[in-house]
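Keep the 3D view open as you read.

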Amino acid sequence: MSKIAKPRGTYDLFGKEMDDFNKISEVSRQTSKLYNFNEIVTPIFEHKELFVRNIGENSDIVTKEFYDFFDKGNREIVLRPENTIGVIRSVVENKLLHKNPLPLKYFYIGPMFRYERPQSGRNRQFNQFGIESIGIKNEYEQVETIVMAQMILNSLHVKNYELNINYIGSLETREKWINDLKKYFEQYKDDLTEDSLARLEKNPLRILDDKVDGKKDFVINSPKVDKYLTDKEKNEWKNILDILKSLNIKFKVDETLVRGLDYYDGFVFEFVSLSKKLLGQSTIIGGGKYTNLTKELGDDNYDCIGFAMGIERMIIAMNDENPEDDNKGIDIYLLTCKLDEKDKIKAFQIMQLLRENNYKVLSNFNLDKMDKGFKYAEKFNPNLILILGKNEIDNNEITVKCQRTKTESKISINNLLNELKKYFGKE
């Protein structure tokens, strides 16, 4: 039978990458709890209309990247390409805005799906951690998302990044800006890429952050949003900048930053990794403020803010800055030698006692020769090798070999747990 490989753009997660995935998930969960975010789980697939209507019909996600299909009931379904809309749909559908104090604060962890050309840091199935703060009232609650994102990055020892921010105004403000951008870019049609030409009529903002056209002088010098902001919007933007500065948070105002989804308004931001391993796919956290989604989905308008973090990209950034041995090793290997069945039961009981006290322990009861036992044990890079042979059993003791110091000592089995504390700094 021929082998069946995994679909292109997917991957198997195991070994160190699985450990890294769990570490990022755990750090994100714990940080979320500090900020009073509660976990929410929404369906991996939703009705296609939910995303088309609220992401924007002309966004890249809708025009190029959907994984969509008709189910057996002839309903048009899409695998979720992002989760903000799913969270807001759940909040509105379950009337959570009218049952709880505001802002509602939720976080999620799970897979998303986009049909893109796979490369480092970009897969067709990928995982995101994200937060949504729904019903915010002031600029401090907006800046809180930046502080929270930085806390996660610091906890993961990721420091090689820059924070880019912008303020893109309300939908009404952007409409004036967009109309002028259309007129402006018309005179440069011959210099635009095919993608940008397709965006020109319906979503010219995406020309600003296009990976090719965004670097061209005429795009860089195009009309800026600050010309169109209302006094209220200018004041909000100033307050955000002042709060960030008061917290000594380093940032760069990027006037081309608009984010790729139509529902954003006001404050938007991206944490961009400077790792050379993520060139072209360097945004590790991105988000911003949005207002109209709750109304679009059946409730009143509420100011909201959120961000999403790509876990696979974070793994790459984390390991690029903090390279470690793939084999971190185990705490203890219990090496048994020439034991009868009764004594093997004793060894098994010792091993279970160690695990119950949070030691990572392995053994192999099929190996009865000391030299083979040592060779096998060293494959797991243990901190300690505990040797339990017939003599040790008879004397109610165990031999401890410290792999770091290359020293050996004998300790009483009855006092094993207390003695081990010395080796693991638990005293």
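## Helix 1 against helix 5

Helix 1 and helix 5 cross in a right-handed way (right-handed if the near helix is turned clockwise from the far one by less than a right angle, left-handed if anticlockwise). Helices here are DSSP runs of H or I with at least four residues, strands are E runs of at least two, and both are numbered from the N terminus. The two helices pack at an angle of about 140°, with their axes 10 Å apart. Axes are lines fitted to C-alpha atoms, for helices over the stretch in contact, and angles run from 0 to 180 degrees between N-to-C directions. That angle makes helix 1 oblique to helix 5; under 35 degrees would be roughly parallel, over 145 roughly antiparallel, 65 to 115 roughly perpendicular, and the rest is oblique.

Who does the touching? On the helix 1 side the contact is made by V27, S28, T31, S32 and L34, and on the helix 5 side by M148, M151, I152 and S155 (contact means heavy atoms within 4.5 Å). Sorted by class, this contact has five nonpolar, four polar and no charged residues. Ala, Val, Leu, Ile, Met, Phe, Trp, Tyr, Cys and Pro count as nonpolar, Asp, Glu, Lys and Arg as charged, and the others, Gly among them, as polar.

A word on the source: this is a predicted model, where local features need pLDDT of at least 70 and side-chain atom pairs count only at pLDDT 80 or more, while totals for chains, interfaces and linings use all residues. Residues are numbered from 1 along each chain as its sequence is written, and side-chain values use heavy atoms, with hydrogens and water left out.

## Zooming in on S28

Is S28 buried or exposed? S28 sits in helix 1 (residues 15-34) and counts as buried, because its relative accessibility is 0% (buried is under 20% relative accessible area, exposed over 50%, partly exposed in between, with a 1.4 Å probe and protein chains only). Leaving aside residues up to four places away in sequence, S28 touches F129, I152 and M309.

## Helix 5 meets helix 10

Helix 5 (residues 139-155) also meets helix 10 (residues 231-246): their axes come within 10 Å and cross at roughly 50°. That makes helix 5 oblique to helix 10, and this crossing is right-handed. E139, Y140, Q142, V143 and I146 of helix 5 meet E236, N239, I240, I243 and L244 of helix 10. The residues of this contact divide into six nonpolar, two polar and two charged.

Eight strands form an open sheet with mixed pairing, in the order 1-5-6-11-10-9-7-8 (two strands pair if DSSP finds at least two bridges between them). Strand 1 (38-39) and strand 8 (252-253) are the edges; each has a single partner strand, so one side of each lacks a neighbour in the sheet. Strand 5 (residues 104-113) and strand 6 (residues 125-134) run antiparallel and are joined by 10 bridges, with P111 having N127 in strand 6 as its bridge partner.

Helix 1 lies across strand 1, strand 5, strand 6 and strand 11, at about 165° to strand 5. Helix 5 lies across several strands, including strand 7 (161-167) and strand 9 (264-273), and runs at about 15° to strand 9.

The loop between strand 9 and strand 10 holds L274, which is partly exposed at a relative accessible area of 42%. L274 touches N160, Y161 and E162, not counting residues up to four places away in sequence.

Three strands form an open antiparallel sheet in the order 2-4-3. Its edge strands are strand 2 (45-47) and strand 3 (67-70), each pairing on one side only. Strand 3 pairs with strand 4 (residues 76-79) over four bridges, and F69 stands opposite I77 in strand 4. Helix 2 (residues 48-55) lies across strand 2, strand 3 and strand 4, at about 75° to strand 2.

Further along, six of the six residues of strand 15 (residues 397-402) are buried, so that strand is largely enclosed by the rest of the structure. Strand 15 is joined to strand 16 (residues 407-412) by six bridges, and the two run antiparallel. In their hairpin, which has four residues between the strands, K406 takes a positive phi near 60°.
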